[in-house]
Amino acid sequence: MSAPEPQRRVGQTILEWDHVTFGYGRTPVLRDVTLQLTSGELLAVVGPNGSGKTTLVKLGLGLLHPTSGSVRLFGQPVERFRDWGRVGYVPQRAGADSPLPLSVLEVVRSGLAGHLGLVRRPTAADRQRIEHVLEVMGIAELRTAPVSQLSGGQQQRALIARALVTAPQLLVLDEPTTGVDAAARAALRQSLEHLIRVEGVGVISISHDPEGFADLADRVVEVRAGRVVARDRADVEVRRP
Ligand code: ADP
């Protein structure tokens with residue numbers, strides 16, 4: 001973790017949903033949701049499949065527009081926000097099982113594509129950043145390994161590393177613990193803890209699994225019947241099998 005760290009301001013509001021209502025058809029999926037995420041915080045969004053977790057995040061990233069209410073990202077109305085290097089998105093791991101023989105390093109480097117365009121070669125700073133994220137995610141030794149041959153937890157760490165190469169201040173994880181066993185989950189949790197507590201990244205983790213990262217979360221909210229309700233972490237732990 002030798003790369004110089006940018007100064008982070010912990011406690012800065014990153015994302016705000018303000019009285020947001022949204023429906024794909026006439027029936028609202030979300031009703032009057034008010035929620036904030038600050039830097040240096042992990043917000044776990046839980047709830048069963050179909051409850052509206054993805055919809056909530058898509059509204060937060062401006063991919064959907066509220067029927068009423070508003071969303072601000074880094075203090076700007078999300079529809080005007082353009083600085084997407086500040087946002088890292090890690091999709092569900094389905095795509096990592098690609099038949100292409102891509103190495104961990106190639107996958108992680110591909111996170112720079114939007115910034116480099118098709119022609120520019122990575123700079124020394126880019127390379128330093130790549131090394132840093134490989135180390136933070138604990139996969140430096142796996143750099144030449146084909147991603148398709150890694151375990152679920154290692155693939156997930158490679159995908160998170162790819163999202164981190166632009167040094168985002170907001171990281172969105174979609175079902176990060178699916179297909180990841182308990183030991184690998186602990187390693188993933190440790191890497192995330194560094195990102196959140198030391199680097200001050202704001203993280204949203206959405207999961208249908210109440211175990212998700214609820215124990216690492218500063219706040220757990222549940223999407224239920226169109227509402228977003230705060231959940232006590234103790235409540236989540238009690239419900240574990
Ligand atoms: P979750 O992420 O919690 O599984 P989603 O946000 O994906 O839930 O979905 C919430 C509800 O909205 C579900 O009833 C789903 O069927 C519906 N929905 C999701 N996407 C669309 C869409 N593009 N068009 C119509 N309905 C949708």
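## Helix α1 on the sheet

Helix α1, residues 53-60, lies across the strands β3 (42-46), β7, β8, β9 (219-224) and β10. Relative to β8, helix α1 runs at about 150 degrees. The model is a predicted one.

## The sheet

The sheet is open and has six strands, placed in the order β6-β7-β8-β3-β9-β10 with mixed pairing. Strands β6 (87-90) and β10 (227-231) are at the edges; each has a single partner strand, so one side of each is left without a neighbour in the sheet. From one strand to the next, the twist averages 20 degrees.

Within this order, β7 (residues 170-174) and β8 (residues 202-207) run parallel and are joined by five bridges. Leu170 stands opposite Gly202 of β8.

## Packing of α5 and α6

Two packed helices are described by the angle between their axes and the distance between the axes. For helix α5 (residues 152-164) and helix α6 (residues 182-198), the axes come within 9 Å and cross at roughly 20 degrees. Angles under 35 degrees count as roughly parallel, and α5 and α6 are therefore roughly parallel to each other. The crossing of α5 past α6 is right-handed.

On the α5 side, the contact is made by Gly153, Gln156, Arg157, Ile160 and Leu164. These residues meet Ala184, Ala187, Leu188, Ser191 and Leu195 of α6. By type, the residues of the contact of α5 with α6 comprise six nonpolar, three polar and one charged.

Key. Residues numbered from 1 in each chain as written. Predicted model: local features only at pLDDT ≥ 70, side-chain atom pairs only at ≥ 80, totals over all residues. Heavy atoms only, no water. Pairing = 2+ DSSP bridges. Helix = DSSP H or I, 4+ residues; strand = E, 2+ residues; numbered from the N terminus. Axes fitted to C-alpha atoms, helices over the stretch in contact; angles between N-to-C directions. Contact = heavy atoms within 4.5 Å. Parallel < 35°, antiparallel > 145°, perpendicular 65-115°, else oblique. Left-handed = near helix turned anticlockwise from the far one by under 90°. Nonpolar A, V, L, I, M, F, W, Y, C, P; charged D, E, K, R; others polar.
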